[in-house]
Amino acid sequence: MRAGKIIAYIVGSILVLFGVLLVWGSTGDQGSVGWIVFGIIIGGVGLVMIYLASRSSAKAADTNVTLNIDLPGNVNMDTLKCVACGGTLKPEDIKMVAGAPVVTCPWCHSTYQLTEEPKW
Ligand SMILES: [Zn+2]
């Protein structure tokens, strides 16, 4: 994830550089108007890549904080109990961490990942 972001930054920077060089070169002896359009497109793609790379990290961090609890359908909240102390858990006690539901028990303060186990 982080490596992909760095690659996106590097490739984006190179694309912007190439775009600028193409627009620059279009004014030269061997340049043509088509270079300007091509350069703007390449530079634009590069800028979008850098923008998305910088945005993806902020979005991911934001998602971890504000993501609404979206549990798998087969988890019944009415019967959800803490595996450590058996205390009844509320939806507020479950937070999404790295895409997995993590339970923080309000009674015994134990923290564990919620697994989809068959009901008994
Ligand atoms: Zn507990």
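What span should the 24 residues of helix α1 (residues 2–25) have at 1.5 Å a residue, and how far apart are its end C-alpha atoms? The helix should span 34 Å, and its end C-alpha atoms are 34 Å apart, which agrees; the expected span is 1.5 Å times one less than the number of residues.

This is a predicted model, in which local features need pLDDT of at least 70 and side-chain atom pairs count only at pLDDT 80 or more, while totals for chains, interfaces and linings use all residues. Residues are numbered from 1 along each chain as its sequence is written, and side-chain values use heavy atoms, with hydrogens and water left out.

**Overall layout**

- The protein has 2 helices and 3 strands, and from the N terminus on they run α-α-β-β-β.
- Helices (H or I, at least four residues) and strands (E, at least two) are DSSP runs, numbered from the N terminus.
- Of the 120 residues, 22% count as buried; buried means under 20% relative accessible area, exposed over 50%, and partly exposed in between (1.4 Å probe, protein chains only).
- Among contacts with a separation of 6 or more, 42% come from residues 24 or more positions apart; a contact means heavy atoms within 4.5 Å.

- The buried residues of α1 are Ala8, Gly12, Gly19 and Leu22.
- Glycine 46 lies in helix α2 (residues 33–66), and it counts as buried because its relative accessibility is 0%.
- Not counting residues up to four places away in sequence, glycine 46 touches Gly12, Leu15 and Val16.
- Glycine 46 and glycine 19 are 27 residues apart in sequence, and their C-alpha atoms are 8.4 Å apart in space.

**The zinc site**

- Cys82, Cys85, Cys105 and Cys108 coordinate the zinc ion through their SG atoms at 2.2 to 2.3 Å.
- Donors are N, O and S atoms within 2.8 Å of the metal (3.2 Å for Na, K and Ca); water is not among the atoms, so sites may look incomplete.
- Along the chain, the donors follow the spacing C-x2-C-x19-C-x2-C.
- The arrangement is tetrahedral because the 4 donor atoms subtend angles of 106 to 114°.
- Four donors count as tetrahedral if all angles lie between 85 and 135 degrees.
- Ideal angles for four tetrahedral donors are 109.5 degrees.
- Cysteine 82 counts as buried at 4% relative accessibility, whereas cysteine 85 is partly exposed at 40%.

**The nonpolar core**

- The largest nonpolar core has 8 residues: Leu80, Cys82, Leu89, Ile94, Val103, Cys105, Tyr112 and Leu114.
- A nonpolar core is a set of buried Ala, Val, Leu, Ile, Met, Phe, Trp, Tyr and Cys residues joined through side-chain atoms within 4.5 Å.
- Leaving aside neighbours within four places in sequence, tyrosine 112 is in contact with residues including Cys82, Leu89 and Val103.

**Strands and loops**

- Strand β1 (residues 94–97) and strand β2 (residues 100–104) pair in the antiparallel sense over 4 bridges; two strands pair if DSSP finds at least two bridges between them.
- Ile94 and Met96 form the covered face of β1, and Lys95 and Val97 the uncovered one.
- Lysine 95 stands opposite valine 102 in β2.
- The hairpin of β1 and β2 has 2 residues between the strands, and alanine 98, in this loop, has a positive phi of about 55° although it is not a glycine.
- Most residues other than glycine have a negative phi.
- Alanine 98 counts as exposed at 73% relative accessibility.
- Histidine 109, in the loop between β2 and β3 (111–113), has a positive phi near 60° and counts as exposed at 62% relative accessibility.

Definitions and conventions. Tetrahedral: all angles 85-135°; square planar, octahedral: opposite > 155°, others 65-115°.
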